[in-house]
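Let's read this model together, one feature at a time.

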Amino acid sequence: MNMNRRTLSLLATPAVVGALTIAVPALAGTGTSPTAHQTRARHCSAVIVISHGRRVRACLLQGPRGPRGFTGFTGPKGATGKTGAPGGKTGATGKTGKTGATGATGPQGATGAPGTIVAYAIVQPTNSPPTANLINPSNIAGVTEPSTGIYCITTTPGVSLAPGIAAVSPEVSYGPIAAPGVIAVNAQHTNCPAGDFEVETYAPGGTGPATGYAFTIVIP
């Protein structure tokens, strides 16, 4: 009979009703078989004390996750920190390594094709009487000066004279006159034998051949 009165007393007050409302889901999970309530996370943090020394533990069931809130505004940028101190000193330069051994000499390359120059020489006039000498000749056998400023140049046998072409230029270190003259080839070689090259030298501004001017000749 006393138990019935305490039960009625608990149910009569609003506070007890609220406490039982919270406690019923927790008490319902005391059976032997697991229920849906047992699989959810429970938070039991509040203890409600009721009259006559009885206590009821309040366990709250976790509800479904709510929608994600909006992202907050970006906070203000913090102040720039101070520049750090410079690093240590540059290390000393290492010593230069030893020179490696000289490699072996490579094999000799193939002989190149023959050049196109077949004869050349420096012609040195002696001026009195009109004569001439050859300096460093190649495939040129001789030179004569039959008249003032007219030079006949003879090549060695085997040098083809068919093109009749030669290149000449002034030379200032071997002649009696240390100044460049005007040097010209006479392709018709009117003053020399048919097998010779004819070269004529002139003083600058002169109207006729003049002796004393050295020159080079190249026969391609």
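Q: Leaving aside neighbours within four places in sequence, which residues is Phe-215 in contact with?
A: Contact means heavy atoms within 4.5 Å. Here Phe-215 is in contact with Ala-121, Ile-122, Val-123, Tyr-151, Ile-153, Val-168, Ser-169, Pro-170, Glu-171, Ile-183, Val-199 and Thr-201. This is a predicted model, where local features need pLDDT of at least 70, side-chain atom pairs count only at pLDDT 80 or more, and totals for chains, interfaces and linings use all residues. Residues are numbered from 1 along each chain as its sequence is written, and side-chain values use heavy atoms, with hydrogens and water left out.

Q: What is the mean pLDDT of the protein chain?
A: pLDDT is the predictor's confidence in each residue, from 0 to 100. The chain's mean is 78, with 71% of residues at 70 or more. Over residues 1-34, however, pLDDT is below 50.

Q: Which residues form the aromatic pair?
A: Rings of Phe, Tyr and Trp (its six-membered ring) pair if their centres lie within 6.5 Å; planes under 30 degrees apart count as stacked, over 60 as edge-to-face and the rest as tilted. Tyr-151 and Phe-215 pair edge-to-face, with 5.3 Å between centres and 65° between planes.

Q: Are Tyr-151 and Phe-215 buried or exposed?
A: Buried means under 20% relative accessible area, exposed over 50%, and partly exposed in between (1.4 Å probe, protein chains only). Both Tyr-151 and Phe-215 are buried.

Q: What is the bridge partner of Ala-184 in strand 9?
A: Strands (E, at least two residues) are DSSP runs, numbered from the N terminus. In strand 9, Glu-200 partners Ala-184.

Conventions
Pairing = 2+ DSSP bridges. Helix = DSSP H or I, 4+ residues; strand = E, 2+ residues; numbered from the N terminus.
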